[in-house]
Amino acid sequence: MLPDVSRLRVRELLQVEASVVVELRQRGLVRTNNKPLGDIAEQVVLSARGGVLEPNSTKSHDVTDPGGRRIQVKAMGGRAAGKAGKFSPFRSFDFDIAVFLVFEFQTFELAFAREVSANDVEAVSPYSVHTNGRQPTLRQIENAGIDVTDEMRAAYAALDGDVMEFRNGLTSGGKK
């Protein structure tokens with residue numbers, strides 16, 4: 001059961017978030033201190049497709065699969081903007097495919113996932129002067145490319161299996 005956070009002060013909520021990010025980093029699931037959803041999405045795709053998670057500074061893609069395909073990962077949590085919600089902008093199209101993951105608000109269940117070619121992402125995404133990139137909306141992506149929801153849900157669930165192995169290693173005296 002999750003703790004009731006409704007009575008925590010803002011400072012305490014921020015402390016909880018920070019401690020969650022620290023724990024996710026220790027488990028090797030996130031690489032930055034940013035909101036963890038993007039890093040978790042990268043881990044989901046890596047778990048599903050295999051290959052190599054590229055360093056944070058790699059331009060245009062996050063994962064290179066065993067066949068050498070460069071995969072850009074974009075994630076979005078459910079939000080009030082609905083289908084008008086925007087993914088983070090693309091400033092380069094030097095990748096082969098993008099995998100878009102959309103998570104439900106609050107529960108963070110994986111609502112759906114789409115695999116879309118770089119050409120198709122560019123074709124459906126309007127250029128935004130404000131962000132200096134092409135920024136697709138949920139509406140533009142939800143029917144583009146191919147549905148990979150089941151594959152990504154299975155990979156997402158597998159991350160919890162890794163957590164159980166992590167916990168068992170710690171409780172049996174192993175270091176992680």
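Trainee: Why is Gln-43 called buried?

Mentor: Gln-43 has a relative accessible area of 12%, and buried means under 20%, exposed over 50% and partly exposed in between, with a 1.4 Å probe and protein chains only. Since 12% falls under the cut-off, Gln-43 counts as buried. Keep in mind that this is a predicted model, where local features need pLDDT of at least 70, side-chain atom pairs count only at pLDDT 80 or more, and totals for chains, interfaces and linings use all residues. Residues are numbered from 1 along each chain as its sequence is written, and side-chain values use heavy atoms, with hydrogens and water left out.

Trainee: Where is the place of Gln-43, and what is Gln-43 in contact with, leaving aside its neighbours within four places in sequence?

Mentor: Gln-43 sits in helix α2, residues 37-49. Beyond those sequence neighbours, Gln-43 has contacts (heavy atoms within 4.5 Å) with Gly-28, Leu-29, Leu-53 and Leu-159. Helix α2 itself lies across β1, β2, β3, β4 and β5 and runs at about 135° to β3. That angle is taken between N-to-C directions on a scale from 0 to 180 degrees, with axes as lines fitted to C-alpha atoms, for helices over the stretch in contact.

Trainee: How many helices and strands does the protein chain have?

Mentor: There are five helices and eight strands, where helices (H or I, at least four residues) and strands (E, at least two) are DSSP runs numbered from the N terminus. Read from the N terminus, the order is α-α-β-β-β-β-β-α-β-β-α-β-α. Of the 176 residues, 39% count as buried.

Trainee: What makes strand β4 largely enclosed by the rest of the structure?

Mentor: Strand β4 covers residues 97-103, and seven of the seven are buried, so the rest of the structure largely encloses it. Ile-97, Val-99, Leu-101 and Phe-103 point one way from β4, while Ala-98, Phe-100 and Val-102 point the other way.

Trainee: How do you know that β4 and strand β5 pair, and in what sense?

Mentor: Two strands pair if DSSP finds at least two bridges between them. β4 and β5 (residues 110-117) have seven bridges, in the antiparallel sense, so they meet that cut-off. Leu-101 stands opposite Ala-113 in β5. The hairpin of β4 and β5 has six residues between the strands, and Gln-106 takes a positive phi near 70° there. β4 also pairs with β3 (residues 70-77), in the parallel sense and over seven bridges, with Gly-77 opposite Phe-103.

Trainee: What makes β1 and β8 edge strands?

Mentor: The open sheet has six strands in the order β1-β2-β3-β4-β5-β8, with mixed pairing. β1 (52-53) and β8 (146-147) each pair on one side only, and that makes them the edges. β1 pairs with β2 (residues 63-64) in the antiparallel sense over two bridges, which is at the "at least two" cut-off, so the pair counts. Val-52 has Thr-64 in β2 as its bridge partner.

Trainee: Why do Asp-94 and Arg-70 count as a salt bridge?

Mentor: A salt bridge is a side-chain nitrogen of Lys or Arg within 4 Å of a carboxyl oxygen of Asp or Glu. The closest N and O atoms of Asp-94 and Arg-70 are 2.6 Å apart, so the pair qualifies. Asp-94 lies in the loop between β3 and β4 and Arg-70 in strand β3, so the pair ties together parts that are 24 residues apart in sequence. At 43%, Asp-94 is partly exposed, and so is Arg-70 at 24%.

Trainee: Which residue of the loop between β3 and β4 is 26 residues apart from Arg-70 in a pair that links distant parts of the chain?

Mentor: Asp-96 is that residue, and its side chain meets Arg-70 in a salt bridge at 3.2 Å, N to O. Asp-96 is partly exposed, with a relative accessible area of 30%. The structure holds eleven salt bridges.
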